[in-house]
Amino acid sequence: MANEIHAFLKEVLNKLQTIDYVKPESLPNIDLYMDQVTTFMNTQLASTKRHEDDKILTKTMINNYAKNNLLPPPNKKKYSKDHVLTLLFIYYFKSILSISDIQNILNPITDRYFGNGEGLNLQDVYNEVFGLEHEEAQHILKDLAKKYKTSYRTFEGVPEEEAELLHTFSFICMLSFDVYIKKLIIEQTIDKLPSSFPLPKKNTNKNSGRKKE
């Protein structure tokens, strides 16, 4: 049993290392055209794809995000680093949250920090929250080990040819329940957010990347 847990955690750790978040130093320092943005995102996040032909980001997605007021419009068809950061947040949120929930949590951040030239900016926010990734990964590994061990204590006495399927099903159910509860908590937290947040008295460079052609 101990060897099985060790092998499982090693496999999970290897997977976590391959889906590492986009590092700040990898972010583009120049404005990009849409094709360059999709290429950057598809390259940087390729390890998160489940299937080889899955699409990380397309032109249609970018246009839909803009239509839904999730992404500020480009400046002269070019997208800034803050556009890329916003798309990264959207990408990580969209697997568990609705468009309206993403709007409610992300718009106050982009309204305040997108294109901000003084004080805290959007990259500072990104660096801070994703800087917790290593510590959080350790907590995840410990929790997974506990759930994996618990799953193998279920269905005692069943024939060996059935045990593996039932243990795997138990493990998936525990993980699914965990995700379900956390999703409910996220939604409840979003619902408690105030309808609007006060913006800084002085908006610096707020037109950068927001001016429509």
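His83 lies in helix 4 of this predicted model. With a relative accessible area of 0%, His83 is buried, and its side chain reaches the backbone oxygen of Pro72 at 2.9 Å. From there, let us look at the helix around this residue, then at a cavity, some salt bridges and another helix.

**Helix 4**

- Helix 4 runs over residues 81–94 and has 14 residues.
- From its first C-alpha to its last, helix 4 reaches 20 Å, close to the 20 Å expected at 1.5 Å a residue.
- Most of helix 4 is covered, as ten of its 14 residues are buried.
- Besides His83, the buried residues of helix 4 are Asp82, Val84, Leu85, Thr86, Leu87, Leu88, Phe89, Ile90 and Tyr91.

**The cavity**

- The structure holds one cavity of 30 Å³ or more, and about 30 Å³ of space lies in the largest cavity.
- Met41, Ile56, Leu57, Tyr65, Leu87, Tyr91 and Lys94 line the largest cavity.
- Helix 4 gives the most to this lining, with three residues.
- By type, the lining of the largest cavity divides into six nonpolar residues, no polar ones and one charged.
- Leu87 and Tyr91 belong to the lining of the largest cavity, and both are also among the buried residues of helix 4.

**Salt bridges**

- Side chains of opposite charge can pair when their charged atoms come close.
- Lys59 is partly exposed, with a relative accessible area of 43%, and Asp35 is partly exposed with a value of 43%.
- Lys147 and Asp143 also meet in a salt bridge through their side chains, at 2.8 Å from N to O.
- Both Lys147 and Asp143 lie in helix 7 (residues 133–151), where they sit four residues apart, about one turn of the helix.
- An α-helix has 3.6 residues a turn, so residues three or four places apart point the same way.
- In helix 8, the side chains of Lys182 and Asp178 form a salt bridge, with 3.2 Å from N to O.
- Lys182 and Asp178 are four residues apart, about one turn of helix 8.
- Lys182 is partly exposed, with a relative accessible area of 46%, and Asp178 is partly exposed at 22%.

**Helix 8**

- How many residues does helix 8 have? Helix 8 (residues 160–191) has 32 residues.
- Helix 8 reaches 47 Å from its first C-alpha to its last, close to the 46 Å expected at 1.5 Å a residue.
- Which residues of helix 8 are buried? They are Ala163, His167, Ser170, Phe171 and Ile190.

How values were computed. Residues are numbered from 1 along each chain as its sequence is written. This is a predicted model: local features need pLDDT of at least 70, side-chain atom pairs count only at pLDDT 80 or more; totals for chains, interfaces and linings use all residues. Side-chain values use heavy atoms; hydrogens and water are left out. Helices (H or I, at least four residues) and strands (E, at least two) are DSSP runs, numbered from the N terminus. The expected span of a helix is 1.5 Å times one less than its number of residues. Buried means under 20% relative accessible area, exposed over 50%, partly exposed in between (1.4 Å probe, protein chains only). A salt bridge is a side-chain nitrogen of Lys or Arg within 4 Å of a carboxyl oxygen of Asp or Glu. On a 1 Å grid over the protein atoms alone, a cavity is a set of points where a 1.4 Å probe fits but cannot get out, and a pocket is an open set with protein on both sides within 12 Å along at least five of seven lines; lining residues have an atom within 4 Å of a point. Grid points are joined across faces, edges and corners, and a volume is the space filled by probe spheres set on the points. Ala, Val, Leu, Ile, Met, Phe, Trp, Tyr, Cys and Pro count as nonpolar, Asp, Glu, Lys and Arg as charged, and the others, Gly among them, as polar. A polar contact is a pair of N or O atoms within 3.5 Å; within protein, one must be able to donate a hydrogen and the other to accept it, and residues adjacent in sequence count only if both atoms are side-chain atoms.
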